Amino acid sequence: MRNLLAFLAKYNHWFVFILLEVICFVLLFRFNNFQGSVYFSSANAVAGKVYEYNSSVTTFFNMSQSNKKLSERNLILEQQVRALTQYIATHHGDSLSMEQCQKQALAGFKLIPAKVIQSTINREDNLITIDKGKADGIHEDMGVACGTGVVGVVYMASDHYSIVLPVINVNSNISVMIRKRGYFGFLHWKGTPSDIAYVDDVPRHARFALGDYVVTNGYSSIFPPGIMVGKILHVFNSSDGLSYRVQLRLSTDFGKLRHVCVIDNSALKDKALLLKAAQDSLKPRDTSKK
């Protein structure tokens with residue numbers, strides 16, 4: 001015991017130095033978003049592997065409950081498909097029209113399945129880590145969705161891992177529209193809770209109702225049109241009184257998010273470039289120099 005105390009007394013300055021260094025690094029990465037996203041974003045191989053192993057263990061122990069929920073969901077979906085197929089066959093005389101519409105909606109888009117290995121939902125700058133990266137064809141500014149709706153946009157990517165900026169991040173900004181109404185706005189998240197978001201800049205002359213659904217509008221080069229975002233809960237006036245702010249309940253449950261699909265936006269980028277070229281060609285030319 002006396003030797004231990006002597007050792008601690010002799011090298012106490014080194015212990016103090018190490019303790020202060022640890023505190024400095026914790027403060028640096030915890031309270032600076034840029035440093036935190038770069039170094040603790042888990043896009044590097046070491047942290048990514050740790051998160052992946054942790055996610056695998058959690059998934060294994062929750063497998064029984066997940067399989068039960070999947071079985072129940074499959075039964076419900078089978079009943080819905082059967083009912084819809086019967087309805088379409090009765091009213092349109094074509095039981096294959098639903099399948100054709102689904103194929104047309106996904107035509108030209110490659111979906112890259114990925115697994116969520118780390119995520120947060122209780123911070124303003126929430127991030128999601130997935131187990132696919134540049135080696136799998138993923139790059140920045142690709143849209144990410146799951147079976148229930150929009151998830152977010154790829155923020156950065158390494159060879160084998162990617163960071164997704166989810167809808168539940170205060171920096172997220174996605175163009176959306178009210179389904180079957182055509183009015184569009186911009187989706188923002190204001191902080192907790194993780195299932196509530198807002199659509200800003202909806203025009204004052206817009207006509208819609210509580211319970212209407214909000215989907216992506218396809219105007220950007222990130223998401224195709226028609227991906228579910230959420231359901232309208234309330235409508236408020238904007239701060240300047242010139243537009244509406246619409247409150248949504250998000251269709252994606254980020255607390256249970258395990259599997260996602262990254263949308264290859266090559267076709268969308270080509271469409272955006274073509275539209276920009278058309279707009280530029282329609283601009284009036286300056287004839288004053290002639």
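Q: Which residues line the largest cavity?
A: This is a predicted model. In it, the lining consists of V150, V167, V229, L250, S251, T252 and F254.

Q: What classes are those lining residues?
A: Five are nonpolar and two are polar. No charged residues take part in the lining.

Q: How much space lies in there?
A: About 30 Å³.

Q: And how many cavities of 30 Å³ or more turn up in the whole structure?
A: The search finds one.

Q: Switching to strands. Which ones close into a barrel, and in what order?
A: Six strands do, ordered β1-β2-β5-β4-β3-β12. Their pairing is antiparallel.

Q: What's the average twist from one strand to the next?
A: The twist averages 45°.

Q: Take β4 and β5. How many bridges join them?
A: Five. Strand β4 covers residues 149–157, and β5 covers residues 162–166. The two run antiparallel.

Q: What stands opposite V153 there?
A: L165, in β5.

Q: OK, on to β10. How many bridges does it share with β9?
A: Three bridges join β9 (residues 213–216) to β10 (residues 228–237). These strands run antiparallel.

Q: Which residue in β10 is the bridge partner of Y213?
A: K231.

Q: And β10 with β11: parallel or antiparallel?
A: Antiparallel, over seven bridges. Strand β11 spans residues 243–250.

Q: Where is K180 found?
A: In the loop between β6 (174–178) and β7 (184–188).

Q: Buried or exposed?
A: K180 counts as exposed, because its relative accessibility is 79% and the cut-off for exposed is over 50%.

Q: What about D201, what's its phi?
A: Near 70°. That is a positive phi in a residue other than glycine.

Q: Which element holds D201?
A: Strand β8, residues 196–203.

Q: And what is the relative accessible area of D201?
A: 47%, so D201 is partly exposed.

Notes: Residues numbered from 1 in each chain as written. Predicted model: local features only at pLDDT ≥ 70, side-chain atom pairs only at ≥ 80, totals over all residues. Heavy atoms only, no water. Pairing = 2+ DSSP bridges. Helix = DSSP H or I, 4+ residues; strand = E, 2+ residues; numbered from the N terminus. Axes fitted to C-alpha atoms, helices over the stretch in contact; angles between N-to-C directions. 1 Å grid on protein atoms, 1.4 Å probe; cavity = no way out; pocket = protein on both sides within 12 Å on 5 of 7 lines; lining within 4 Å. Points joined across faces, edges and corners; volume = space filled by probe spheres on them. Nonpolar A, V, L, I, M, F, W, Y, C, P; charged D, E, K, R; others polar. Buried < 20%, exposed > 50% of the residue type's maximum accessible area, 1.4 Å probe, protein only.
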